[in-house]
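Let's take a look around this protein together. Have the sequence and the 3D view handy as you read.

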Amino acid sequence: MTHILPNLKTSLLAALIVLGFAIQGNKAHAAATEILTVAGGCFWCVEADFESVKGVSEVISGYTGGTTENPTYKDVTHGGTGHYEAAQIMYDPDQVTRQQLLAMFLRSVDVTDSGGQFCDRGDSYRTAIFADGQAAEDARQAIAQASKELGQKIVTPVLPLQKFHPAEDYHQNYYKGDDLQITRFGIKDQAEAYKRYRNGCGRDARVRELWGDQAPFAKGH
């Protein structure tokens, strides 16, 4: 018995040390995740595009840029809240950089349109990048480079970060949902309704017209 207790204490101490390293490792992993907040018209489309990017763990659809607390989809699309339909892109900077994501974003929208995006019109559908500090500087540099390559003025602004309000649950991952919806195309599941909406709205056709082979997502639709 006298030999068992010290061995038990040693084993317990070793287990605690291993657990401590595991906790620290999880904290370090969590700390490595960064967020890029953008508005690119329909947030379903931004979510679908960027969740296909290696290094992006999740994209959350929501609202930002306005003054109304706890805005709803109806509030935002009716106007007057100041909010944009937006998306938070969660990513691992060791796998994809902020600069790469910014370049992809600018080439996935109509950066020449200040009145909305594609068939979606109004202030809530305008494009924007929400960032402060170095992220804002990176965004301005990305815009300057994209403008040079496009040969046109880019109207997408860089705006200060503001509170982000996640959209209603049914908007999250809409592009791959299987719930049935009554749509202009009849009764369709969310994924099918999304595909028909995106094609009918002309998003990919316009992006290809602007960016050609540089469009990172339009070729896949």
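## A cavity inside

In this predicted model, the count comes to one cavity of 30 Å³ or more. The largest cavity has a volume of about 30 Å³. How do you find a space like that? Rolling a probe the size of a water molecule over the atoms shows where empty space is left.

So who sits around the largest cavity? Its lining is made up of Asp49, Arg107, Ser108, Arg198, Asp204, Val207, Ala215, Pro216, Phe217 and Ala218. Sort that lining by class and you get five nonpolar residues, four charged ones and one polar one.

## The sheet

Now find the open sheet, which is built from six strands. Reading across, the order is E7-E6-E1-E3-E2-E8, and the pairing is mixed. Strand E7 (158-159) and strand E8 (165-166) are the edge strands, each pairing on one side only.

## Zooming in on E1

Strand E1 covers residues 34-40 and runs antiparallel to strand E6 (residues 127-130), with four bridges joining the two. Along this pairing, Gly40 stands opposite Thr127, and Val38 stands opposite Ile129. E1 also runs antiparallel to E3, this time with five bridges.

Is E1 mostly covered or mostly open? Mostly covered: five of its seven residues are buried.

Conventions. Residues numbered from 1 in each chain as written. Predicted model: local features only at pLDDT ≥ 70, side-chain atom pairs only at ≥ 80, totals over all residues. Heavy atoms only, no water. Pairing = 2+ DSSP bridges. 1 Å grid on protein atoms, 1.4 Å probe; cavity = no way out; pocket = protein on both sides within 12 Å on 5 of 7 lines; lining within 4 Å. Points joined across faces, edges and corners; volume = space filled by probe spheres on them. Nonpolar A, V, L, I, M, F, W, Y, C, P; charged D, E, K, R; others polar. Buried < 20%, exposed > 50% of the residue type's maximum accessible area, 1.4 Å probe, protein only.
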